[in-house]
Amino acid sequence: MKLGVISLGCAKNRVDTEEMLSLLTQEGYTLTDKAEEAEVLVINTCGFITSAKEESIDAIFEMAQHKQTGKCRALVVTGCLAQRYGDDLMREIPQIDVLSGVTQYDTLAGAIRSSLERGERAQNTERNNAFLHCGRVLTTPKYSAYIRIGEGCDNRCAYCAIPLIRGGHRSRPLADILDEMRTLAQQGVKEQILIAQDTTRWGRDLSNASLRHLVRDAAGIPGLDWLRVLYCYPDETDRALIDEMAAHQTVCRYLDLPLQHAVPRILKAMNRRGDIEEVKALLQYARERGFALRTTFIVGFPGETEEDFEALMAFVREVRFDRMGAFAFSPEEDTTAALLPDQIDESVKQQRLSRLMALQQGISRELNQQRVGSVCRVLVTGRQQGAYTGRSQWEAPDADGLILFDSVRRLTPGEFVQVRITGAEDYDLRGEAVEGDA
């Protein structure tokens, strides 16, 4: 039976999808990328902010049409939106046959079987804390994979619904993580990326464990060329972690530290911990060690004045992040921030977002121009605009720009090559491959 899957949202959701695919292919399903041919269609949804919810709903309705126009016999909805709004979805969208939350994928095959054989609609959003041991069907290129090291979150940021959806933080056992990483490395996965809602909290609920220890153990896995760490929390990231990452040639010098704002009053209202001046000193320390700096910000949080926003802009001008993402505040149901006074008009939020991103665009181009003439090790990812594409250790997949370069030698995605940077754009770089040991 043919199975089609749409995976929406973040990299953590992608790992859920890959585990789900492993479970279902073990049951005999054959994957297809043509929705009109799929007899079972799965939409793994995102429910983080309003725009993500709308995208998920649109995808459900689009796929539901294949019950009339295609071969679809079972429409399956999983993921964060299903976990949070399962009752509403089952009531409002009768085309849904099976609905599963974020920790019930081991029961999915049985629920689909019951739907196909007996026409039963099934819903399961009872959350559990177990980590699956089922393998994965990678949806990333064969040379790169995300490694989930934890689930849930204890930070309780005022704007965020993730704890409501995925529960409190729990660390995945160290042995499980390292076993998976070794297996993937043996299969040719050269870049492995540690992810969780908060990677820096990993090990807090285990004995004698911390992210620093995990990085040390993982960095020496045979066959692993690049180890990358994403989603670090500001007040749990310290110089010892930076030093540990810098001590290993296999660890990418890339610090992903989502700050969300730079004004203490706004950070307090967001229920974000940490002193912004200490964070600034940490960022400077990481930059001196050769790290690229990435962050994200929220604009238009309730009570943010024009003065607050200008202070955020000044902070961005001072730090000069290599990579920066931003989004306008979205009031999410059942979160503290949704009930705060002084909500900001949507037009003001969008205007501030545009100003902030325009500022970062200029900073990004200037920093890219400073790399012209340098040579860096690049992971080849494909071809685009008649050139090869790739990333250095300072570009993360799915988030940052690319390096587009020429080569007289035929290259294969997944191999490494030395590239001299010859040109700079706002987010991408131009270059040419050079002879030498990569």
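A pocket is defined on a 1 Å grid over the protein atoms alone as an open set of points with protein on both sides within 12 Å along at least five of seven lines, and lining residues have an atom within 4 Å of a point. Grid points are joined across faces, edges and corners, and a volume is the space filled by probe spheres set on the points. The lining of the largest pocket comprises 49 residues, of which Cys10, Lys12, Phe48, Tyr231 and Thr296 are the closest to its centre. At least two lining residues come from each of α1 (11–26), α2 (50–64), α6 (162–166), β12 (254–256), β13 (292–299) and β14 (323–328), and α1 makes the greatest contribution, with four residues. Helices (H or I, at least four residues) and strands (E, at least two) are DSSP runs, numbered from the N terminus.

Residues are numbered from 1 along each chain as its sequence is written. In this predicted model, local features require pLDDT of at least 70 and side-chain atom pairs pLDDT 80 or more, whereas totals for chains, interfaces and linings use all residues; side-chain values use heavy atoms, with hydrogens and water left out.

Three cavities of 30 Å³ or more are present in the structure, a cavity being a set of grid points where a 1.4 Å probe fits but cannot get out. The largest cavity has a volume of about 190 Å³. Sixteen residues line this cavity, and the closest to its centre are Glu19, Ala130, Phe131, Leu132 and Arg148. Helix α1 again gives the most to the lining, here with three residues.

Strand β3 (residues 40–45) is largely enclosed by the rest of the structure, because six of its six residues are buried. Buried denotes under 20% relative accessible area, exposed over 50% and partly exposed the range in between (1.4 Å probe, protein chains only). Val40, Val42 and Asn44 point one way from β3, while Leu41, Ile43 and Thr45 point the other way. Pairing of two strands requires at least two bridges found by DSSP between them. Strand β3 pairs in the parallel sense with strand β1 (residues 2–7) over five bridges, and glycine 4 stands opposite leucine 41. Strand β3 also runs parallel to strand β4 (residues 74–79), to which six bridges join it; there, valine 76 is the bridge partner of valine 42.

A further open sheet consists of three strands in the order β7-β10-β11, with parallel pairing. Its edge strands, β7 (144–148) and β11 (226–229), each pair on one side only. The twist from one strand to the next averages 25 degrees. Axes are lines fitted to C-alpha atoms, for helices over the stretch in contact, and angles run from 0 to 180 degrees between N-to-C directions. Five bridges connect β7 with strand β10 (residues 191–195), and arginine 148 stands opposite isoleucine 195 in β10. Arginine 148 is also among the residues closest to the centre of the largest cavity. Helix α8 (residues 211–219) lies across β10 and β11 and runs at about 165 degrees to β11, contact being defined as heavy atoms within 4.5 Å.

In helix α9 (residues 239–246), the buried residues are Leu241, Ile242, Glu244, Met245 and Ala246. Their cover includes α8, β11, β12 and α11 (276–288). The N-terminal end of α9 is capped by aspartate 238, a side-chain oxygen of which lies 3.3 Å from the backbone nitrogen of alanine 240.

Lysine 349 is located in helix α13 (residues 346–369) and counts as buried because its relative accessibility is 4%. Its side chain forms a polar contact of 3.1 Å with that of glutamate 346. A polar contact is a pair of N or O atoms within 3.5 Å; within protein, one must be able to donate a hydrogen and the other to accept it, and residues adjacent in sequence count only if both atoms are side-chain atoms. Beyond neighbours within four places in sequence, lysine 349 contacts Val299, Gly300, Ala328, Phe329, Pro331 and Ile344. Glycine 362 also lies in helix α13, but counts as partly exposed at 30% relative accessibility.

Five strands close into a barrel in the order β15-β16-β17-β19-β18, with mixed pairing. The twist here averages 55 degrees from one strand to the next. Strands β18 (residues 416–424) and β19 (residues 429–434) run antiparallel and are joined by six bridges, with valine 434 in β19 as the bridge partner of glutamine 418.
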